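Hello,

I am handing over the structure below. My notes on what was found in it follow.

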Amino acid sequence: MDKKPLLLRSLLTLLVVVVFAAAMYPLAEKDYYDVFKDLLKDPKDKVALELIEDAKAKEKANPDIFQSQALLAAADEKGVNLAERVNGRDLYNNRDVISLIRKEAASSIRLGLDLAGGVEFYLDLIPDTNMKDETIRKSMEDDFNRYRDVAVETLRKRLEGQNIYEAEIAPAGDRSIVLRAPIVSKDEKVKLRDIIQMSAKLEFRLVEANIPAEQRSQYKGKDAKIPEGIEYLEYTEMEQGKPVIHSFLVKKQAEMDGSNITMARAHRDEMTGQLKIMLQFNSTGAKDFKRVTENSVGRQLAIVLDGNLYCAPTVNEPIAGGSASISGSFTEDEAKSIADALMSGSFPFNINVQAVFDTDPTLGRASVQNGIKVGAISLVLVAIFMIIYYRFSGLISVIALGLNVLLILGAMAAFDCTLTLPGIAGIVLTIGMAVDANVLIFERIREELATGKSLRNAVEAGYNRALSAVVDSNITTLITSFILMYVGTGAIKGFAMTLCIGILSTLFSAVFVTHLFYDALFRLFDLKKLTMMQIIKASNFDFIKLWRYCLCISAAIVLVTIGCFAVRGKGVLGIDFTGGSAITYKFDKRGDTSAMAKTLKAAGYDEPSLTYKTDIAAQEGNGEFLEIRLRGSKDSAEVTKIKVAQMLQKSYPECGITLEGSNIQQLDGLIGREFTKAAVTAIILALIGIGAYIVFRYEMSYAIAAVLALCHDVIAVLAVYLLCGRTIGLTTVAAFLTVIGYSINDTVVIFDRIRENSQLKKGLSLAENVNLSINQTLSRTLITSVSTFIVVFIMWCFGGPEISDFVFVMMWGIILGTYSSVFLSGPFVAWRAQRKAAKEKGC
C-alpha cells in the first residue's frame, strides 16, 4: 500500500475538485435587487431605490412572488421606464430590463421552467404551397396531425442541439404548436426564434447566369423580367475586409435536396479561417450528389437554404465521396444552428411565430425553497446515520458525499444541463444511492476484519473484493443512461445525462476518494482500529423456500396492474399524455398560484397548473395574463372558462380576475407518437443492454432473472401508484427509470456474491449458495435501502405536491426493488438451475 502514488492521486483529486468547483460558480442566483443596482446609470437614483423598497414590500405581502416579478410589478404600477435608467443595449421597455437582470443574476446551472420561467412561443404551421412532392402534400392534407407530430419532434431535436432538453412542446388547436423553453435572456430568445423558424430546406440548384452589379436593378422589384422557372438570388461575402455582393439567375427546380444528410457540422477552415458547414450524405444521397456533379462539370451549383443563397461554387469534377460544404458569412452560433437544423430535418411547413410570451416560474418561490430545504434535511439525516453507524468510516463517506454533490453540480454547469425541481429530487436521491457503494465497501471491510486480518490488510481486501460489485452495479445503470441518452429524446435524454453524471461522480467519490483517505491515514498516522455498529448480525433465512409464495404475490400484483388499466383506461394518463385546456385571464394584481391550484383541485379540476406570462409585443402594462392549464372538464370549454373565473373571483377578489379578454384553447399532450416511440425503444434497448452485460459478466440465467425482476418492479410500483388514484406524466416516467437503475444495483450485488462463493465454497449446491449469498449481503441491502428510504420518505412527507409523484414512485421502488432482489432474482437462478439439472437427469 505504501508503494501507491499518494501525492499524485491527491493532486488528481484536487484538480478534479477545483475544475468542477470553478465550473459551478456562481452556483446560487445573485440577488436581483443588487444586480439592478449594479446596472443603474446612477447608483444613487432615488426612483430606482424606491422601486426596490416597493418590490420588497410586495415580497413580504406575498412570499410566493419572485424578486423579478415584484420589481416589474412595482415599476409598472408607478409608470417608471426602467430602460431609461440602466446600462444595456437593445432595451426598449421594462420587460427587456427584467430579462437583462435575469441573465446577469443567473446561476451557472440553467434552471428549468418550474424554477426560473422562460419563454413561450405560439407557432402557426402553414403548409408549404411550393412543395414539389405531391404524395407528401396529399398525405399531409389527409393526416395533418401526424406531420405536426413529426414537426414537434424535429423542434425538440433542434433544441437538443442547443443543449435544451427540458422544453415543453405540445400541439394546440387545429394547426398550431405551443413551445416553452427555459430561456430568459433577450438574445437567447431571438436566437431560439430564428432556430424555430428555420425550415432547413436545403437545395442544390444550377446557376443560369452571373449578374454584374450594373444589371442587378433589372432583376429586382415588381417590374423585373425574369424567365419562367428562374429566380434572382444573391449573397454577400467578405473579400479583403469588404462586403462583396454576388448575384445570379438560378433555376427554381432543384437538382437534389438535403433529405439524405447524415451529418452536418460547423467547421472553420484552417487556411482561410472561414466558417463552413460540412455535410455528409447517406449512400442514396452520395449517388444523387455524384450524378448532379457529373452533369454539372464546368457550371456553378447554387446551394440554397430556406430560399436564401449561401454560395455558388463551380463544379470542377464529379464528387463521389458523398460530402459537400456550405460556405458563407456565418457567426459560430449561426453555423452551429444551421448544422443542427439540417441534422434534425426539414419541415413540410412554414412556421409563423404568432405570439411570444415571457413566462414566470410554474412553481412559487415558497414551493421551491421548501423542496430544496427538505432535500438538504434529508441528506443531513443520512450523513448523521452514516456517522453513527460506521463511526470514523462514516465520516469519510460523508466527506465523499459532499464532494459528490460538488462534482454533480459542477458537471451539470459544465455540460449546460437544465435543473428542475424533480431534478433536484433526483440528485438528492442519487446521493442517497451513492451511500450504497460506501456501505458495500464498509461491510466487506467488516467481514475481512472478522477473519483476523490487520486493519490495513482488511481495508485493502475490502476495496478489492467490493470493487467488482460496485463497478458491475454502476455499469449496468450507466448502460441504461447511455442508451437513453442516445435513443431517447427531450426530457428522457435530459434525465439520462443527469443520471450519467451522477453515476460517474459516485464512482469517483465513493471508491477513488474514500480509498485515498484511508491510504493517507495509514501513511500519516498509525491507525490500528476501526469500530462500526452492527445491528444486523449474521442471518440464516431460507429464501429459496419462500420463493414460490413470493412468486404468487408478484403474479397477483401483475393482475392488479392489468385490472387498473382496464378499469381506468385513459384515466391513468396525465396531462402530459392526454393534453387539456389552457385558459388565460387578465387580472389587476398577482395572487398566490399555489393556493389557487389547491382551490381548483378541491373543486374537482384535474392537475391544475397556474403561471403568469407576459406578451412581450404588447404595450407596457397591457400584456400580462394568468394562464391555467387543466387536464380535462366535464363541461364545455366556454362553460369551464366561466366557472373557473367565477371560482377565482370569489376566492381571490383582490386579484381582479376578469372574463374580458379571456381565452381558452385545447392543448394536445406533450408526449406525442414520435416521443413515445423513442422512449419505448430506448427503454427496451436499455433492458437488452443490461441483459447483455450480465450475460457477459455472469451467464444467461442471471440476465433473465435481472430483466424479469426489473419488469416486475416497474409493474408492481405502477400497481401501487395507480391504486392510489395517481396519473402518469413525464415526471413519473423519469421516476420509473430511476427505479430501474436503483433495483438493478441490489440484484447485481447479490449476483456478484453468488459468483464469488461459487469459487470459494465449491461444495455447496447452487440453491445453498444463493441462500448463503443473500444472507451475507442482507446487512448491506437493508442498510442501503433504509438510508435511501429515509431521504425519499422525508421528501414525500414535506417536499410538497410538485415532487410528490416522483418521490412516491421512488419510495415504493425502494421497497419493491429490495423485495425482488432478495426474494425473486437469486431464487429464480437457483430454480432454473434445478429445472435444467432435472431435465438432464430425466434424459
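**Aromatic rings**

One aromatic cluster is formed by Y721, F736, F789, F793, W796 and F808. This is a predicted model, in which local features need pLDDT of at least 70 and side-chain atom pairs count only at pLDDT 80 or more, while totals for chains, interfaces and linings use all residues. Residues are numbered from 1 along each chain as its sequence is written, and side-chain values use heavy atoms, with hydrogens and water left out.

The structure has 26 aromatic pairs (rings of Phe, Tyr and Trp, the last by its six-membered ring, with centres within 6.5 Å; planes under 30 degrees apart are stacked, over 60 edge-to-face, the rest tilted). Y389 and Y390 make an edge-to-face pair, because their ring centres lie 4.9 Å apart and their planes stand at 75°. Y389 is buried at 3% relative accessibility (buried is under 20% relative accessible area, exposed over 50%, partly exposed in between, with a 1.4 Å probe and protein chains only). Y390 is buried too, at 0%.

**The chain as a whole**

Of the 843 residues, 54% count as buried. The chain has 25 helices and 19 strands (DSSP runs: H or I of at least four residues for helices, E of at least two for strands, numbered from the N terminus). Its C-alpha atoms fill a box of roughly 100 × 70 × 60 Å along the principal axes.

Among contacts with a separation of 6 or more, 77% come from residues 24 or more positions apart (a contact means heavy atoms within 4.5 Å).

Regards
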